Amino acid sequence: LTCRTDLLEGVGGLMRRYPEATLHTHLAEQTGEWEAIARAYPEARDYVGLYERYGLLGPQSLFAHAVHLGAPERRRLHRADC
C-alpha cells in the first residue's frame, strides 16, 4: 500500500534488467489487505494481479506469508515460479 504505480513499474523494469536480483515483499498477511489494495489499485483483478500487472512475478520473486490468498492466486504464483 505504500508504493505508487510508478514505483511498481520501476521495480518491474529493474527485475527485467537484473534477473539475478531478488524481489522480496510481504503479501496477504491480514484479512483486510485485499480490500485496501482494491481501493488503492482498482486496476488490479486481485491481490496477486497487482504484482502481475507490473511484471513482478517470476522466479526471483519471494512473497512472505501469503496466508490469505485464494487457490487461484496461489496457483498463479506457482505457475510464475515464485
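Is cysteine 82 counted as buried, partly exposed or exposed, and at what relative accessibility? In this predicted model, cysteine 82 has a relative accessibility of 35% and therefore counts as partly exposed. Cysteine 3 falls into the partly exposed class as well, at 29% relative accessibility.

The cysteines were examined for disulfides. A disulfide is a covalent bond between the sulfur atoms of two cysteines. The structure contains zero disulfides. For cysteine 3, the closest cysteine sulfur belongs to cysteine 82 and lies 16 Å away, which is too far for a bond. Seen from cysteine 82, the closest cysteine sulfur is that of cysteine 3, again at 16 Å and too far for a bond. A disulfide would require the two sulfur atoms to be within 2.5 Å.

Charged side chains were considered next. Four salt bridges are present in the structure. One of them pairs aspartate 6 with arginine 4, with 2.7 Å between the closest N and O atoms. Arginine 4 has a relative accessible area of 59% and is exposed, whereas aspartate 6, at 41% relative accessibility, counts as partly exposed.

Another salt bridge joins the side chains of aspartate 46 and arginine 76, with an N to O distance of 2.7 Å. This pair connects distant parts of the chain, 30 residues apart. Aspartate 46 sits in the loop between α2 (33-40) and α3 (47-53), while arginine 76 belongs to helix α4 (residues 71-79). Aspartate 46 counts as buried because its relative accessibility is 14%, under the 20% limit for that class. Arginine 76 also counts as buried, at 8% relative accessibility.

Arginine 76 takes part in a further salt bridge, with glutamate 52, in which the closest N and O atoms are 2.9 Å apart. Glutamate 52 is located in helix α3 and arginine 76 in helix α4, so this contact ties together parts separated by 24 residues in sequence. Glutamate 52 has a relative accessible area of 31% and is partly exposed. Through salt bridges with shared partners, Asp46, Glu52 and Arg76 are joined into one network.

Notes
Residues are numbered from 1 along each chain as its sequence is written. This is a predicted model: local features need pLDDT of at least 70, side-chain atom pairs count only at pLDDT 80 or more; totals for chains, interfaces and linings use all residues. Side-chain values use heavy atoms; hydrogens and water are left out. Buried means under 20% relative accessible area, exposed over 50%, partly exposed in between (1.4 Å probe, protein chains only). Helices (H or I, at least four residues) and strands (E, at least two) are DSSP runs, numbered from the N terminus.
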